[in-house]
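Morning, everyone. Please have a look at the model on the screen, and then I'll walk you through it.

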Amino acid sequence: MIVVTGATGALNGATVEHLLERLPADRIGISARDTAKAQHFADRGVRVRQGSYEDPDALRDSFAGADQVLLVSGNDPSADMVALHRNAIEAAVAAGARRILYTSQQGVATDGPYPPAAIHAATEEILADSGVGWTSLRYGFFGHSFAPLLGPWQETGVIAAPADGPVPWTAPADLSEATAVLLTGERSYDGAITLIAGEAVTLDDFAAIASGLSGRTIERVVMDDEEWVADQTAGGVPEPTARFMLTMFRATRAGHFAQHDPLLAELLGREPRGVADRLAEQTGY
Ligand SMILES: NC(=O)c1ccc[n+]([C@@H]2O[C@H](COP(=O)([O-])OP(=O)(O)OC[C@H]3O[C@@H](n4cnc5c(N)ncnc54)[C@H](OP(=O)(O)O)[C@@H]3O)[C@@H](O)[C@H]2O)c1
């Protein structure tokens, strides 16, 4: 049995959909904070049990019988995420899982401008000490929507944002599919693996792509960091959210995400979706 946390969310919910295409439903389990949110999976024969990273007893019960457990990474800035991830890893070990998979992110580092990188680094250390097989899935940035990154360029003709660097923006649908391939495949990958799209792009590249899609010249304007934060908050973005995004710009321009890795394409058996295709879909061009 494969048990998945975070399946009431976008990413691992899509991974469960891919698992359902590959496995009988009774070999899939979901550990959900609110089981009502996973009713659509229960209706299709998936085992749904209550579990949250704050409650180790419930987690153990929801992981019972799992050969592999897929753990979502939490993203609550007010919580001690490393401690919560430790709860989840310990519960998976106690439940007898042979392998734990964890949704990490590329650019893992013990320090640096982007705070989640250190949370993933600490979680990977706990996985390495867990005594069971583990695979840390260092996903590329998804960009469920590119709108917060690019701003209202369709109205203004300008992508105005802080200085940036290359990022291999990766379609979450590709990551979910590849994760299902990993969970159901013959081969196990030990340790951290990087799953990213083939092309790392900057906002200059986005401006060129947006120009091509819209048929007009979209300009890239580099803003001062603090001016950009002020601009965002004036537009209604909460300041902590703007400051968090700023850490991402700082990390990208320091080259923290400028990696290449062919593994995602290998697992999918095709090239991952690129940003031009995704931006066209998101904007209707
Ligand atoms: N690579 C990237 O670009 C990128 C970007 C953003 C986030 N991420 C990471 O990827 C993760 C998944 O992304 P997503 O888009 O699927 O997020 P999402 O739609 O917000 O889903 C998050 C899932 O995690 C569950 N969850 C959150 N805290 C939990 C806890 N304490 N105990 C148990 N379950 C918990 C949520 O449960 P409920 O339904 O009960 O809330 C939900 O199912 C994020 O949490 C974040 O760590 C990566």
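Let's begin with a question: which strands does helix α5 lie across? Helix α5, residues 116-128, lies across β5, β6 (133-139) and β8. Relative to β5, helix α5 runs at about 165°. Such angles run from 0 to 180 degrees between N-to-C directions, and the axes are lines fitted to C-alpha atoms, for helices over the stretch in contact. Helices (H or I, at least four residues) and strands (E, at least two) are DSSP runs, numbered from the N terminus.

Two ground rules before we go on. This is a predicted model: local features need pLDDT of at least 70, side-chain atom pairs count only at pLDDT 80 or more, and totals for chains, interfaces and linings use all residues. Residues are numbered from 1 along each chain as its sequence is written.

Now the sheet. Seven strands form an open sheet, and the pairing is parallel. The order is β3-β2-β1-β4-β5-β6-β8. At the edges stand β3 (47-50) and β8 (191-195). Each has a single partner strand, so one side of each is left without a neighbour in the sheet. From one strand to the next, the twist averages 20°. Two strands pair if DSSP finds at least two bridges between them. As a general point, strands of a sheet pair through backbone hydrogen bonds, either parallel or antiparallel.

Here are two pairs to look at. Strand β1, residues 2-5, pairs with strand β2, residues 28-32, in the parallel sense over four bridges. There, V4 stands opposite I30 in β2. Next, β4 and β5 run parallel and are joined by four bridges. V69 stands opposite I100 in β5.

Stay with β5. Is β5 enclosed or open? Seven of the seven residues of β5 are buried, so β5 is largely enclosed by the rest of the structure. Buried means that 20 or more other C-beta atoms lie within 10 Å of the residue's own; exposed means 12 or fewer; partly exposed is in between; and C-beta atoms are placed from the backbone. R99, L101, T103 and Q105 point one way from β5. I100, Y102 and S104 point the other way.

On to helix α3, residues 56-63. Which residues of α3 are buried? They are L59, S62 and F63. These cover an arc of only 95° around the axis, which puts them on the same side of α3. That arc is taken from the directions from the helix axis to the C-beta atoms. What covers the buried residues of α3 includes β1, β2, β3, β4 (68-71) and α4 (81-94).

Just after α3 comes G65, with a positive phi of about 85°. G65 sits in the loop between α3 and β4. With 11 C-beta neighbours inside 10 Å, G65 counts as exposed. Between the C-alpha atoms of G65 and V158 there are 53 Å.

Compare another glycine. G74 is in the loop between β4 and α4. G74 is buried, with 21 other C-beta atoms within 10 Å. Leaving aside neighbours within four places in sequence, G74 is in contact with Y53, A79, M81 and L84. Contact means that the two C-beta atoms, placed from the backbone, lie within 7 Å.

Next, the ligand. Which of the 23 residues around the ligand come nearest? They are T8, G9, L11, R33 and Y53. A residue counts as near if its C-beta atom, placed from the backbone, lies within 6 Å. The elements giving two or more residues to this shell are α1 (10-22) and β5 (99-105). With three residues, α1 gives the most. By class, the shell has eight nonpolar, 11 polar and four charged residues. Ala, Val, Leu, Ile, Met, Phe, Trp, Tyr, Cys and Pro count as nonpolar, Asp, Glu, Lys and Arg as charged, and the others, Gly among them, as polar.

Last stop: helix α10, residues 225-234, where we find W228. W228 is buried, with 20 other C-beta atoms within 10 Å. Beyond its neighbours within four places in sequence, W228 is in contact with A161, P162 and M223. D231 also lies in helix α10. D231 is partly exposed, with 16 other C-beta atoms within 10 Å. From D231 to A161 is 70 residues in sequence, and 9.8 Å in space, C-alpha to C-alpha.
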